[in-house]
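Work through the exercises below with the model open. Each task is followed by its solution.

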Amino acid sequence: MILPIYTLGDSVLRQKAEILSAKTPELDQLIKDMFETMYQADGIGLAAPQIGRSMDLIVLDISAMKEGRATSPMVLINPEFLDKQGACSMEEGCLSVPGINEFVDRPEIITLKYQDENFNTRTETFSGMMARVIQHEYDHLQGTLFVDYLSAFKKTLLKNRIRDIQRGTVDVDYLLAEK
Ligand code: ZN
């Protein structure tokens with residue numbers, strides 16, 4: 001089932017998400033729906049707050065991108081960083097902030113502890129596009145959006161677009177939650 005996506009201005013995107021404790025049929029269904037929603041919207045990552053659920057849950061799949069060909073779809077539950085190293089600047093966009101793409105500086109290499117869809121605990125190190133997407137999605141679980149990192153000057157330049165997103169007067173090819 002395709003789920004509506006919440007956008008900048010919706011309070012669920014500003015809450016700290018809650019830890020998940022157990023695999024349930026409802027959670028399995030939600031994960032399926034999140035993948036379906038993400039693929040339909042041509043996204044490469046989706047965090048539960050973006051579909052209105054304040055839960056520590058992320059789905060991602062960068063295999064359609066050149067850099068991600070060797071990767072598989074992933075589910076990250078209750079992620080936490082054990083280490084971050086380096087720095088790099090990459091352009092980001094977000095299904096919750098449609099029409100805005102801007103460069104953001106973040107650590108280049110991350111070590112992440114998380115649970116997979118079966119609640120098995122894993123520790124893995126990621127770099128490149130994978131590290132970038134995970135950090136962006138992790139931010140959603142903390143109530144942070146990538147536009148929060150932009151300079152005051154950039155935000156001023158984007159203020160009309162941001163206002164349109166907050167009002168829900170944007171035209172996108174996927175389902176948006178009602179404002
Ligand atoms: Zn996002």
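**Exercise 1.** Is aspartate 148 buried, partly exposed or exposed?

*Solution.* This is a predicted model, where local features need pLDDT of at least 70, side-chain atom pairs count only at pLDDT 80 or more, and totals for chains, interfaces and linings use all residues. Residues are numbered from 1 along each chain as its sequence is written, and side-chain values use heavy atoms, without hydrogens and water. Take the cut-offs: buried is under 20% relative accessible area, exposed is over 50%, and partly exposed lies in between (1.4 Å probe, protein chains only). Aspartate 148 has 31%, so the residue is partly exposed.

**Exercise 2.** Describe the salt bridge between arginine 14 and aspartate 148.

*Solution.* A salt bridge needs a side-chain nitrogen of Lys or Arg within 4 Å of a carboxyl oxygen of Asp or Glu. Here the N to O distance is 2.8 Å. Arginine 14 sits in the segment before H1, and aspartate 148 in the loop between helix H2 (128-142) and helix H3 (152-157). They are 134 residues apart. Helices are DSSP runs of H or I with at least four residues, strands are runs of E with at least two, and both are numbered from the N terminus. Arginine 14 is partly exposed because its relative accessibility is 41%.
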